[in-house]
Amino acid sequence: MDAPATVLQQHLIDPEICIRCNTCEATCPIGAITHDSRNYVVDADKCNACMACVPPCPTGAIDNWRVVPRARTYTLAEQLGWDELPAPLSEEALAALGGDAQAAAAEAQAVVERAAQASAASATVEPQAAALTGAVLGATLPPWSAAHPYTNLYGPRAARKSVRATCVGNLRVTEVGSDYDTHHIVLDFGEMPFPVLEGQSIGIIPPGTDAQGRPHHPRQYSVASPRNGERPGRNNVSLTVKRVLADPQGNPVRGVASNHLCDLRVGDTVEVIGPFGSSFLMPNHPKSHLVMICTGTGSAPMRAMTEWRRRLRASGKFEGGRLLLFFGARTPQELPYFGPLQKLPRDFIDIHFAFSRVPGQPRRYVQDAMREAAAELAPLLQDPDAYFYVCGLRAMEEGVLLALRDIATGAGLDWETLAASMREHGRLHLETY
Ligand code: FAD
């Protein structure tokens with residue numbers, strides 16, 4: 001038997017590019033990826049370089065490797081302290097630490113080969129592996145007829161590190177209430193190109209520094225406007241931002257980026273990177289159907305898609321398919337865009353609301369609304385022209401996938417085969433955070 005190599009290609013995440021979207025941690029099948037309030041890091045003792053996390057990463061931050069002696073891998077504590085990746089070790093430095101260059105080259109080649117295999121395999125999923133998680137079931141390919149997305153035009157590795165956008169509108173879109181303050185914010189890029197498609201997101205870099213005196217890391221926000229602008233023909237995008245005033249345990253905390261955005265006044269500027277996202281995109285072919293399932297600010301990409309189809313319909317030049325929206329919130333008061341949504345024609349979009357905290361009424365979640373509409377959803381699950389989108393808080397993911405599975409099974413479909421096919425054909429997209 002060969003002796004174990006003296007060196008290792010250690011898997012690392014580039015903190016300069018990472019947008020902290022949690023996709024890698026959610027995708028890692030063995031829990032090798034963790035994070036603190038600043039960095040995502042890989043445990044060298046656990047990572048087996050399976051590459052499952054590499055294709056879904058929107059920025060490429062995940063695809064970084066450093067040859068290190070096995071006895072001297074970068075610890076989690078070291079990685080958590082980084083603002084940038086360490087430079088690769090020179091051959092001399094490696095030798096001084098007990099590693100040899102030939103073994104390093106072989107390790108590097110093995111990683112390249114595994115990455116290529118993972119990329120080819122990422123579009124397909126074995127039916128028996130179809131666990132009910134977005135990481136396993138969500139498509140990494142866009143619909144076949146999606147437009148080409150531009151990604152990472154601005155960011156640490158791009159020619160321009162960021163772009164400044166001007167706030168040209170900031171409107172509260174939930175009723176006044178202390179714990180569900182959500183804003184519709186319009187950002188204009190002026191002369192700077194910033195092409196986006198419905199379903200993509202952008203990164204906001206809050207001004208100032210964090211508790212350690214380092215620049216804040218960027219936060220991601222889904223674009224809520226269609227490709228030709230919040231106002232057609234303008235170089236602008238809109239966002240749907242919920243002001244974070246408590247941590248997941250309910251302790252009071254002022255979220256840095258969300259409060260910065262919600263407090264913007266017209267004329268203020270913000271630092272933006274992106275765009276991000278190349279699979280959560282809408283189909284462009286006539287008669288394609290959209291099934292949109294969301295909670296809270298997960299409505300942002302659904303608003304973008306709905307508005308684009310509404311504009312196409314108004315132009316009279318595009319024959320759209322069906323639009324179904326399943327939209328959940330605790331109460332109607334905290335559901336963004338509740339008023340405007342109700343004004344959309346019924347023959348254009350079929351809307352199912354679900355409210356979980358209306359006094360005197362039973363709790364109802366999006367998955368309950370979906371189950372009630374099983375007769376409508378089952379044929380769409382089988383229809384190759386129907387595309388499903390799920391967006392919102394991570395907690396909704398399992399319930400929605402369970403409902404889809406039960407609706408499929410109730411219609412006599414084999415869920416695992418169906419789920420694998422939907423993923424392979426870019427028909428089931430999940431973005432939860
Ligand atoms: P931080 O200062 O980062 O965190 C403060 C505290 O709030 C922490 O304790 C943290 O655990 C908690 N916290 C973090 N995020 C949330 C949250 N979402 N809800 C409740 N508590 C939280 N947000 C939107 O409002 N609209 C969007 O369209 C949107 N799209 C997103 C798309 C993607 C792909 C991803 C990954 C995230 C998206 N988010 C969206 C969430 C957003 O990126 C931020 O995480 C959120 O605004 C909190 O950032 P913050 O700087 O205000 O809070």
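Author: Contact here means heavy atoms within 4.5 Å. The model is predicted. Take helix H12 (415–424). Its buried residues are Trp415, Leu418, Ala419, Ala420, Met422 and Arg423. What covers them includes helix H5 (134–137), H10, S14, H11 and S15. After H12 comes Gly426. The phi of Gly426 is positive, near 60°.

Now the core. The largest nonpolar core has 32 residues. Those touching the most other members are Ile293, Phe326, Met370, Phe388 and Leu404. H12 is one of the elements that give two or more residues to this core. The others are strand S11 (289–295), strand S12 (323–329), helix H9 (366–372), helix H10 (374–382), strand S14 (386–392), helix H11 (396–410) and strand S15 (428–432). H11 supplies the largest share, seven residues.

Met370 shows the packing at one residue. Leaving out residues up to four places away in sequence, Met370 touches Ile293, Phe326, Leu377, Val400, Ala403, Leu404 and Ile407. A second core is separate and holds 30 residues. Trp308, Leu323, Tyr337 and Ile351 are among them.

The ligand is another matter. Of the 20 residues around the ligand, Gln220, Tyr221, Thr240, Ala257 and Ser258 come nearest. A backbone N or O atom of Gln220 sits 2.6 Å from a ligand oxygen atom. For Tyr221, an N or O atom in the side chain is 2.6 Å from an oxygen atom of the ligand. Ser258 places a polar side-chain atom 2.5 Å from a ligand oxygen atom. Alone, the ligand exposes 900 Å², and the protein buries 76% of that.

Terms used: Residues are numbered from 1 along each chain as its sequence is written. This is a predicted model: local features need pLDDT of at least 70, side-chain atom pairs count only at pLDDT 80 or more; totals for chains, interfaces and linings use all residues. Side-chain values use heavy atoms; hydrogens and water are left out. A nonpolar core is a set of buried Ala, Val, Leu, Ile, Met, Phe, Trp, Tyr and Cys residues joined through side-chain atoms within 4.5 Å. Buried means under 20% relative accessible area, exposed over 50%, partly exposed in between (1.4 Å probe, protein chains only). Helices (H or I, at least four residues) and strands (E, at least two) are DSSP runs, numbered from the N terminus. A residue is near a molecule or strand if one of its heavy atoms lies within 4 Å of it. A polar contact is a pair of N or O atoms within 3.5 Å; within protein, one must be able to donate a hydrogen and the other to accept it, and residues adjacent in sequence count only if both atoms are side-chain atoms. Accessible areas come from the Shrake-Rupley method with a 1.4 Å probe; for residues, only the protein chains shown count as cover.
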